[in-house]
Amino acid sequence: MASGSPRARVSIVQDSAASGDLSRLYSDIRGHFGLDFVPDVFKLLSGRPDLLEVFWVGYQSMFSIGVLPREVKELIAAFVSREVACRYCADAHTFFLTLIDADPRLVESLAIPDVDGMPIPENVRELLRFAARVTHEAHRIEDGDFDRLRAAGWDQEQILEAVWEICQFNAVARLANALGLRRVGELADP
């Protein structure tokens, strides 16, 4: 097992040293992104390919399927990551917003601390307000929160998908923070 970067709190297996199930997973991940490397966040679980596989399936459930527009999904991911102070995830998903040619106002909005001041459509603003509530006080979510989402034009499937993504990104950001991942590219093969 190759050692991780000085910032990672666990040992990682680099792309070049992967074998067996891990090699297969790394190949799937690289192919999905069209990259010649495995993004850092996936390497964090390389010491447990069984957990990495579950994590990979969860990631795909957020971005490979669904009814929410991709730019809204990326905005949710970057916003939740910002809310829980995960620099790695916020930077990665802000980059993905630019990569998919999302409206530049979405990227600009992430620099604005108050959701109400973001230059985004009101229905998306309402979704981010909800994401903040789930992130900071999920135990206080009420029927009225869902009523506001419906009034903003989100349907049952979109709301359920948004809740899934918000919760998944709370977990991903906390995984990255807890294991010491701070910057994109810091776990790259030497």
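The axes of helix α3 and helix α9 (residues 156-178) come within 10 Å and cross at roughly 140°; axes are lines fitted to C-alpha atoms, for helices over the stretch in contact, with angles running from 0 to 180 degrees between N-to-C directions. Helices here are DSSP runs of H or I with at least four residues, numbered from the N terminus. The two helices α3 and α9 are therefore oblique to each other, given that angles under 35 degrees count as roughly parallel, over 145 as roughly antiparallel, 65 to 115 as roughly perpendicular and the rest as oblique.

This is a predicted model, in which local features need pLDDT of at least 70 and side-chain atom pairs count only at pLDDT 80 or more, while totals for chains, interfaces and linings use all residues. Residues are numbered from 1 along each chain as its sequence is written, and side-chain values use heavy atoms, with hydrogens and water left out.

From α3, the residues F55, G58, S61, M62 and F63 meet W164, E165, Q168, F169, V172 and L175 of α9, contact meaning heavy atoms within 4.5 Å. Seven nonpolar, three polar and one charged residue make up the contact of α3 with α9; Ala, Val, Leu, Ile, Met, Phe, Trp, Tyr, Cys and Pro count as nonpolar, Asp, Glu, Lys and Arg as charged, and the others, Gly among them, as polar.

Helix α3 (residues 49-63) also pairs with helix α1 (residues 20-33): their axes come within 10 Å and cross at roughly 20°. That angle makes α1 roughly parallel to α3. Here D21, L22, R24, L25, Y26, D28, I29, H32 and F33 of α1 meet P49, L52, E53, W56 and Y59 of α3. By class, this contact of α1 with α3 has nine nonpolar, one polar and four charged residues.

At the level of domains, the assignment, which is automatic or from a database, gives domain 1 (15-64) and domain 2 (70-179). Their contact takes twelve residues from domain 1 and 15 residues from domain 2. Between them the domains bury about 1,100 Å², 73% of it on carbon and sulfur atoms; buried area is the accessible area (1.4 Å probe) that two parts lose on being put together, summed over both. In domain 1, L44, M62 and F63 lose the most area to domain 2, together 53% of what that side buries.

A further helix pair is α4 (residues 70-83) and α7 (residues 122-137), whose axes come within 10 Å and cross at roughly 40°. Helices α4 and α7 are therefore oblique to each other.
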